[in-house]
Amino acid sequence: MEQSRKKIRIQKVVLSLLSVIFLAMALAGISAMYLNGGYGRGISWVYEETYEDSDTFSMKLGKDIENIFTYIGYKDLFETNGQLDMSKPIVRLTDGPGVDEDWTLDQIVRYARIRGYYLGENFTVQGSPMSMDDDDMEVTVQFLNTGFDFLSMGEMETRMTKEELALDILECLGQYYSIYYNFMEHQTNVRFRVVYKSDEGVETVYTNVPELSLDELRGFGKYLFIPGNTIRMDTNLAVIPQNAAALLETWNPNNNDQNYLVVSVDTTYPYVDSYSEESAQYRSVRNAFIMGMGGVIVGFIGLFAALVWLVFLSGHTDNLDSEIRLYPVDRIPTEVCILLGAVAAAVLLLWGKRLGMMVIGLFFSEEHLPFWNKMLRYLIIYSCAVPCGFSLLRRYKAGTLWTGSLGKRGTAAFKAYREKTSYAVGGALCYLTFLGCNGFMMWLILFLFTTRGERISYRIMYYVVLVLFVWLDGWVFHRLFREACQRDLLDQAISTISTGDTGYRLDTSMLTGKEKKMGEHINNITSGLDTALQEKVKSERLKADLITNVSHDIKTPLTSIINYVDLLKRQKIQDPKIAAYLEVLDQKSQRLKTLTEDLVEASKASSGNLKLEVSDINLVELVQQTNGEFEERFALRRLELIQTLPEEIIMIRADGRRLWRVLENLYTNAFKYAQEGSRVYVDVREEGDKAVFTIKNISEKPLNISPDELTERFVRGDVARTTEGSGLGLSIARSLTQLQKGEFIISIDGDLFKAQVAFPVERRERKAERIAEEIPSDSSEWEDT
């Protein structure tokens, strides 16, 4: 015993640790999926999208196309005969009338050095500016290259200081160096060619792979070919950069369409550049996303399994008996326990928001703080919900979840008080509650009216409503009190009859309305109560004897037969004849067992000894489920199921389990006795205020029997008795239907067998209405969901 207790305690500790480990694994997986850029992409991103088809690739290619055309502009500005020319004049400075000076690229660069600027890492402008005498002096700047219209000034002639001019030219020179290094000097996976052809046939070519032909350029992994003489593009890109065609036309020096652009990216990435690095990073992110997804799945499955096993072990005592071990926290009222859990969660959330986020901010970047804030909140809620949930579970298993609650105490006190009061006093108390609610509503209406202004119309409306409320309350009180007094009389009569005084007669002259009819019914009940009781007792005795005899005299020896047959079959008998005999014994004993069980159920159903659990049942849905259950069985005998079901939802009042047995017996009857290869017709319709289920089929054997005889016990339509039926199916179906206040009708027309089950319609709905009711109309409901 001590070893068993120790084993359970060890299991609980191990499962608790495992739940924490799996929770950490799930949180780590979520963090990996979120922090690696996979948030919002969905699971399909893992197996559908590649780097070359991503928006990242498209945006980068579009930016590089802009850089290519920027290089084209800088090439004409800074180069002479394809080489960087530092002595090439760039701008003309005008400082007063007749004072002009042309500055070369070398002069501009040296002036920038004097001012303390230089090109640093990644060709960006850096340095600490030095003050000079001409800081505030502006000069007129005219760019000598009329095609140089992409500078920040936006005009070909403007006024600025020499420092501003040097900075702009230095930034342009840095961009030129960067683009030239990445696309011309350094080996890259991007190949491009831009061609402009004049009307005289002179071609201006800009390319970083002059040795490759146009077809070779278009033969790489991803390419974009834009001809100037057509609006169509030739590409295999998933997303085409929007700026490519516009840039080709914008930089066209000729007024014609003799130009084209071809850009390709070798997706085998033979060289190390930004594309190969981003591709590797993309694969790394996706691998991290996949690993995170696996961590989430394994973590949540493991957490669920550990919690389920903990639930199974939770609450056992050290003595391993049926009692549940309750801790001190489990002995406080249930509502107080839930309130304490909520208060603890609120306090921890407040501290987590202030102190926890300060600590998290020391380890993670600001852009990820909202994610970690959510994770911290969920972790706090989980940490408070699990202990509270296990406490509620222990209470449930110990039977103190409701008995130890404040609601139970209040309900018990209210019931004890009501039991000591009459209907009149109870009605008066209900009315006083109703009056208090009305008073509050009237005060609320008065408050609303007074806050909306002093308009006389609102005042008059208020007093009219007040008078109507007072009159209505008085009338309701009078009716409630009168009905309560009459119910007291009915209660007194019923109490007298319940003591055995069947000769009691109620004076109905003091009753009115439905209470008077109820009094007359009570008087009618007393007159025939003795006879009904005697017949009922006799019938119940016979039915009880039948059930007892069948259960004891047939089931007990049958169980022994089945067990011994099973023992014989386990001996692995080699004689095939004996094995066949045992198989026949097994089949017949199982059939006899089924017959016995059907007989017991038929007896209980006919005697009314079944406890029904009546609820609202969707008859159409139940028939659809039954059709699905029997489709495969019908296919074995090549029976085609033809169903005609309404679109509306038809609700009836019945016991779902018993009604299912009725339908199962009817479908089984059709499966056994319908002609093979024929059709079975099933339909549901409304006839007046009743919902009628009908099943029809053509019998395989002649139906030389009446419908009433078919519903008798041990009677079947095939007189030859060649099937394994017990002859109780239809009898059980009829008894269960009648027990649920339904109608069971069988009709025969030649070889056509037709069975109908009818129940009163409780209500009907359309599917669209049901869907509309189930879908929340307010967006806040979706968020709460």
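**Notes on the helix packing and cores**

1. Let's start with a helix pair: H4 and H5 sit roughly perpendicular to each other, because their angle of about 110° falls in the 65 to 115 range that counts as such. Bear in mind throughout that this is a predicted model.

2. On the details of that pair, H4 covers residues 105–114 and H5 covers residues 162–185, and their axes are 9 Å apart. The crossing of H4 and H5 is left-handed.

3. Which residues in H4 and H5 meet? From H4 you have Leu105, Ile108, Val109, Tyr111 and Ala112, and across from them in H5 are Lys162, Glu163, Ala166, Ile169, Leu170 and Leu173. Sorted by class, the H4 contact with H5 has 9 nonpolar residues, 2 charged ones and no polar ones.

4. Now for the cores. The largest nonpolar core holds 51 residues, and Ile65, Phe69, Phe78, Val91, Val194 and Leu261 have the most contacts inside it. Helix H3 (residues 55–78) gives the most to this core, with 10 residues. There's also a second, separate core of 42 residues, with Val620, Phe671, Val682 and Leu728 among them.

5. Leaving aside residues up to four places away in sequence, Ile65 touches Leu224, Pro241, Ala244, Leu247, Leu261 and Val263.

6. Last, the whole protein. The secondary structure comes to 21 helices and 20 strands, and 35% of the 785 residues count as buried. Taking contacts with a separation of 6 or more, 67% are between residues 24 or more positions apart.

Key
Residues numbered from 1 in each chain as written. Predicted model: local features only at pLDDT ≥ 70, side-chain atom pairs only at ≥ 80, totals over all residues. Heavy atoms only, no water. Core = buried A, V, L, I, M, F, W, Y, C linked by side-chain atoms within 4.5 Å. Buried < 20%, exposed > 50% of the residue type's maximum accessible area, 1.4 Å probe, protein only. Helix = DSSP H or I, 4+ residues; strand = E, 2+ residues; numbered from the N terminus. Contact = heavy atoms within 4.5 Å. Axes fitted to C-alpha atoms, helices over the stretch in contact; angles between N-to-C directions. Parallel < 35°, antiparallel > 145°, perpendicular 65-115°, else oblique. Left-handed = near helix turned anticlockwise from the far one by under 90°. Nonpolar A, V, L, I, M, F, W, Y, C, P; charged D, E, K, R; others polar.
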